[in-house]
Amino acid sequence: MIYLNAFLFAGFVCLICELILDNTKLTPGHITSSVTVVGAILSYFGIYDKIVKLFGAGATVLISNFGHMLYQSGLSGYYESGILGLFSKLLCSSGIAIVSVVVFSFVFTLLFKAKD
């Protein structure tokens, strides 16, 4: 049941984003940024943690989780070191995701040729 919940939640979020993409003039970059901000806002109100508990990996693989991680990292840094901690800890928990995207993108560009 947990796999079904994760699949349905992630699919629902993707469906909403696809409908926005098809029916508006927003670009994928606009939608990606918006979903990241929505994840941070939901994290601010404490809703995203409940979503993760309910849907598990279905909520943690989405780009909205990046906004959640940024918010949580910044908040913990602020509590530890004040305003400077906010900036110094901002990418601590999401740094592995950023590095892995860069490394995998580099590897795939070496392995595959892009279509023109």
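**The core and its surroundings**

Modeller: Read along the sequence, the protein follows the pattern α-α-α-α-α-α-α. That makes 7 helices and 0 strands. Helices (H or I, at least four residues) and strands (E, at least two) are DSSP runs, numbered from the N terminus. This is a predicted model, in which local features need pLDDT of at least 70 and side-chain atom pairs count only at pLDDT 80 or more, while totals for chains, interfaces and linings use all residues. Residues are numbered from 1 along each chain as its sequence is written, and side-chain values use heavy atoms, with hydrogens and water left out.

The C-alpha trace spans about 50 × 35 × 35 Å along its principal axes. Of the 116 residues, 24% count as buried. Buried means under 20% relative accessible area, exposed over 50%, and partly exposed in between, with a 1.4 Å probe and protein chains only.

The largest nonpolar core has 10 residues: Phe9, Ala10, Val13, Cys17, Ile31, Val35, Tyr48, Ile51, Ala59 and Leu62. H1 supplies the largest share, 4 residues. A nonpolar core here is a set of buried Ala, Val, Leu, Ile, Met, Phe, Trp, Tyr and Cys residues joined through side-chain atoms within 4.5 Å.

Leaving aside neighbours within four places in sequence, Tyr48 is in contact (heavy atoms within 4.5 Å) with Gly39, Leu42, Ser43, Ala59, Ser64, Asn65 and His68. One of these, Ala59, is also a core member. Across the protein, among contacts between residues at least 6 apart in sequence, 49% join residues at least 24 apart.

Cys17 is the core's cysteine. At 18% relative accessibility, Cys17 counts as buried. Cys14 is partly exposed, at 47%. The sulfur of Cys17 has its closest cysteine sulfur in Cys14, 6.5 Å away, so the pair is too far apart for a bond. The count is 0 disulfides, a disulfide being a pair of cysteine sulfur atoms within 2.5 Å.

Next, a buried loop residue. Ser94 sits in the loop between helix H6 (83-88) and H7. Its relative accessibility is 0%, so Ser94 counts as buried. Beyond neighbours within four places in sequence, Ser94 is in contact with Phe66, Met69 and Leu70.

Then the outside. Val99, Val103, Phe104, Phe106, Val107, Phe108, Leu110, Leu111 and Phe112 form a nonpolar surface patch, with about 950 Å² of accessible area together. Val99 lies in helix H7 (residues 95-111). Patches are made of residues with over 30% relative accessible area and no salt bridge; like charges are joined within 9 Å, and nonpolar side chains (Val, Leu, Ile, Met, Phe, Trp, Tyr) within 5 Å. The protein exposes about 8,500 Å², and carbon and sulfur atoms supply 74% of it. Areas come from the Shrake-Rupley method with a 1.4 Å probe; for residues, only the protein chains shown count as cover.

Last, charge. The structure holds 1 salt bridge, meaning a side-chain nitrogen of Lys or Arg within 4 Å of a carboxyl oxygen of Asp or Glu. Glu80 pairs with Lys89, with the closest N and O atoms 3.3 Å apart. Glu80 is exposed at 55% relative accessibility. Lys89 is partly exposed at 27%.
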